[in-house]
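Here is a short briefing for a first look at this structure. Keep the sequence and the 3D view open as you read.

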Amino acid sequence: MKQIKIDPITRLEGHGKIDIFVNDDGEVANTYFQIPELRGFEIFCVGRPVEEMPRITTRICGVCPEAHHMASAKACDAVFKVQPPSTGKKLRELLYNVFYAGDHTTHFYALGGPDFVVGPDAPAAERNILGVVAKVGLEIGGKVIEMRKRTQQVIKTLGGKQTHQVTSIPGGVTKGINEEERKEIEEHCKWFVEFGKFTLQIFNDVVLKNKAYVDLILSDMFTSQTYYMGLVDENNKVNFYDGKVRVVDPDGIEFVKYSPNEYLDVVAEHVEPWTYLKFPFLKEVGWKGFVDGKESGIYRATPLSRLNAADGMPTPLAQEEYEKMYSTLGGKPVHATLATHWARVIELLSAAEMALDLVRDPEITGTNIRTIPSETPSEGVGIVEAPRGTLTHHYTTDEKGILTKVNLIVGTTNNYAPISLSINKAARGLITKGAEITDGLLNKIEMAFRAYDPCFGCATHSLPGQMPMVVRIFDSKGNLLNERSRL
């Protein structure tokens, strides 16, 4: 048995490693996608006042603190049984859509994009943002930097800080915007829409006009038939901030649609001893291991999943691109993992359009921005769509609002089982008898997880609250001498 190790994997948030075991015939016997880091956020939040959570949980991640800020604020709303006034809700949504446009930009150009723009077989030293800039030119590279700069400026105005926002609290937000600030944000949002259109044109020119890339996207080794999850509004259109969670089966038929407080009726979590990350699955279907199909409870929660789970986009330009994608790829649902990159840039455009609509809403400069909580706190669930998947925060408190239990199902957590499945399929498709194990081949295996834009720094936490660390001591001949465990 031969072992191939990819450690560390690259261009993601957090850490991970891939072990591939090859049998004596030169074919893949098994793969393991392990997450060796531990965060433990669920445990050390217990004992804190619940109203501190929107500020504490932004520290889970420096890449998507906005997602945790919003999910946490919505969970606090539920704990205190209070709804923000319309202006407060729209200010949160405005911040969130601007964040979405900026976050998807980072992944497309800096993390996932190099595989397509520079090429999966290019030298590793060139598969990065600098390689992208060298390929597309300084002018386009400058636009990407300008996009990030502008989104961070708006987030600071609305969220109080560029990173680790502080303005969303139980019942609404702490500050509104005046007309001068609104006009400034509107100019930024117009720019975001043009940047979204520009990015889709790049995707069209670089990826869709390259037959080799399209064949790779549609290849069997990058295809898995799973259930799909995403938040939808009352018209079953994609919504990043609010609505119900809709799940469709591998044929695209609605399987379930549930409110945040019903999530435990739908989702359960499987634990394996070799990783810190849990494997959520659909409770009614059951955990069947790392296999796809209708009989497996594995579901995906990604940009492509959101589009598969919805009936369309909430904005006109994104809707046109949505229809083009499904027309090109043969209709709904699309099971091609690498098509997630296409769905991501469609969402980038939609988020920009949504932000422009919100900042032009007459209510956005209103002064009624918070409903003061008056009920005794108890228990609440908040759900938003993080760029990487459905994000669930569930808090339970005593009558004084002190946290007694916290459960987080982070965007990437939803996708751990399908990522493992995708890596296994890619490895089996690429590593065959006699195949030369090149850097480009291993990078294509990494592309199977990179499409998910995973954030393992966010996703890892302990169950049931203890670090499942096992230390083994072996002698020089490989015999086990001693073992200590914290289980």
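**Strands and salt bridges**

Val22 stands opposite Val28, a residue of β3. The model is predicted. The points below cover a hairpin, a sheet and several salt bridges.

- Strand β2 spans residues 17-22 and strand β3 spans residues 28-34.
- The two strands run antiparallel and are joined by six bridges.
- Five residues lie between the strands of this hairpin.
- In the hairpin, Gly26 has a positive phi near 80°.

**The three-stranded sheet**

- Three strands form an open sheet in the order β12-β13-β14, and their pairing is antiparallel.
- The edges are β12 (379-386) and β14 (403-409), each of which pairs on one side only.
- From one strand to the next, the twist averages 10°.
- Helix α3, residues 65-79, packs on this sheet and touches β12 and β13.
- The direction of α3 makes about 155° with that of β12.
- Strand β13 covers residues 389-397 and is joined to β12 by eight bridges.
- Gly382 has His393 in β13 as its bridge partner.
- Strands of a sheet pair through backbone hydrogen bonds.

**Salt bridges across the chain**

- The structure contains 27 salt bridges.
- One of them joins the side chains of Lys444 and Asp121, at 3.8 Å from N to O.
- Lys444 sits in helix α15 (residues 439-450) and Asp121 in the loop between α4 (86-117) and α5 (129-136), so this pair ties together parts 323 residues apart in sequence.
- Asp121 is exposed, because its relative accessible area is 55%, and the cut-off for exposed is over 50%.
- Asp311 and Arg246 form another salt bridge, with their closest N and O atoms 3.0 Å apart.
- Asp311 lies in the loop between α10 (303-309) and α11 (316-329), while Arg246 belongs to strand β7 (residues 244-248), so the pair ties together parts 65 residues apart in sequence.
- Asp311 is partly exposed at 42% relative accessibility, whereas Arg246 is buried at 9%.

- Glu347 and Arg306 meet through their side chains in a salt bridge of 2.6 Å, N to O.
- Glu347 is in helix α12 (residues 340-359) and Arg306 is in helix α10, so the pair links distant parts of the chain, 41 residues apart.
- Glu347 is buried, with 0% relative accessibility.
- Arg306 is buried too, at 1%.

Conventions. Residues numbered from 1 in each chain as written. Predicted model: local features only at pLDDT ≥ 70, side-chain atom pairs only at ≥ 80, totals over all residues. Heavy atoms only, no water. Pairing = 2+ DSSP bridges. Helix = DSSP H or I, 4+ residues; strand = E, 2+ residues; numbered from the N terminus. Axes fitted to C-alpha atoms, helices over the stretch in contact; angles between N-to-C directions. Contact = heavy atoms within 4.5 Å. Salt bridge = Lys/Arg side-chain N within 4 Å of Asp/Glu carboxyl O. Buried < 20%, exposed > 50% of the residue type's maximum accessible area, 1.4 Å probe, protein only.
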